[in-house]
Amino acid sequence: MNVHFHSIGDAATRTAAVGIAQAVAETGVKDGRNAMSHLQVVNPRDFQAFADYDIIPVVAPLWSAKIPIEYDITCSYIGKRADAQYPIKSFFDLGCKVNFHTDYPITTSMSAPRSIYMSTTRTQPALGAEGVHNPSECITRQQALQAMTTGVAYQWREEDRQGSITVGKIANFAVFDTDFVNDDLDKLWDSQTKATYVDGKVVYGE
């Protein structure tokens, strides 16, 4: 059984990580694929636990920009720790199987291309450079795609059946009007879905 924690604060994250470590020590299960989502604030000394115990970080790139009112409120609670919110690259650097989430319905957008945009820029077009938050945690477009495809399949223990376009796997995929890897980043923000396939059959679009 995979356990999925929702963890916002650094103390909660540490508590969950310690619990997973104790469970691994007692049961000997090395392939638990337990997950922690949101991860707004993580103490730097706790990153290594994610790699050591195969904890899957499920992060929210749509929250990664410095939105003025939200940022100011967070600063009033946790001070300078607010500058290190929503880490993503730190997990990739440790070899973790990172996944994305949208935090729907709190975040009303469920946009895959906008998740790529914000995880690589840490801002929104309307905010520009002033909205860039914790830029050391920017990742590449390829990493962002991985977090929405192969990373998810790994968490579900479905990596042999889905998550990549491979002969023999389930043909579940979406077609967009934008090349996520090669087109200008600005095009991603307003990218539209052209078609959706389930089991190789069109269920939406052309």
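**Exercise 1. Find what the side chain of Thr178 bonds with, and describe its surroundings.**

*Solution.* Start with the side chains: those of Thr178 and Asp177 are joined by a polar contact of 2.9 Å. A polar contact here is a pair of N or O atoms within 3.5 Å; within protein, one must be able to donate a hydrogen and the other to accept it, and residues adjacent in sequence count only if both atoms are side-chain atoms. You are working with a predicted model, in which local features need pLDDT of at least 70, side-chain atom pairs count only at pLDDT 80 or more, and totals for chains, interfaces and linings use all residues. Residues are numbered from 1 along each chain as its sequence is written, and side-chain values use heavy atoms, with hydrogens and water left out.

Helices (H or I, at least four residues) and strands (E, at least two) are DSSP runs, numbered from the N terminus.

Then look at its cover. Thr178 has a relative accessible area of 10%, so it is buried. Buried means under 20% relative accessible area, exposed over 50%, and partly exposed in between (1.4 Å probe, protein chains only). Leaving aside residues up to four places away in sequence, Thr178 touches Asp183, Lys187, Leu188 and Ser191; contact means heavy atoms within 4.5 Å.

**Exercise 2. Work out which residues of α1 are buried and what covers them.**

*Solution.* First, the helix itself: α1 (residues 10-27) has 18 residues and reaches 26 Å from its first C-alpha to its last, close to the 26 Å expected at 1.5 Å a residue. That expected span is 1.5 Å times one less than the number of residues.

Now list the buried positions: Asp10, Thr13, Ala16, Ala17, Ile20, Ala21 and Val24. Seen down the axis of α1, these buried residues fall within an arc of 140°, so they line one face of the helix. The arc is that of the directions from the helix axis to the C-beta atoms. On the other side of α1, Ala11, Thr15, Ala25, Glu26 and Thr27 are exposed.

Finally, the cover over the buried residues of α1 includes β1 (4-7), β2 (35-38) and α2 (47-52). After the helix comes Gly28, with a positive phi near 80°.

**Exercise 3. Trace how Glu137 is held in its loop.**

*Solution.* Glu137 lies in the loop between α5 (112-121) and α6 (141-148). With a relative accessible area of 7%, Glu137 is buried.

Beyond residues up to four places away in sequence, Glu137 touches Tyr86, Pro87, Ile88, Lys89, Ser90, Ser119 and Arg122. A polar atom of the Glu137 side chain lies 2.8 Å from the backbone nitrogen of Lys89.

**Exercise 4. Describe α5 from its start to the residue just after it.**

*Solution.* At the N-terminal end, Ser111 caps α5, with a side-chain oxygen 3.0 Å from the backbone nitrogen of Arg114. Along the helix, eight of the ten residues are buried, so α5 is mostly covered. Among them are Ile116, Tyr117 and Met118. The buried residues of α5 pack against β4 (99-100), α6, β5 and α8. Just after α5, Arg122 takes a positive phi of about 60°.
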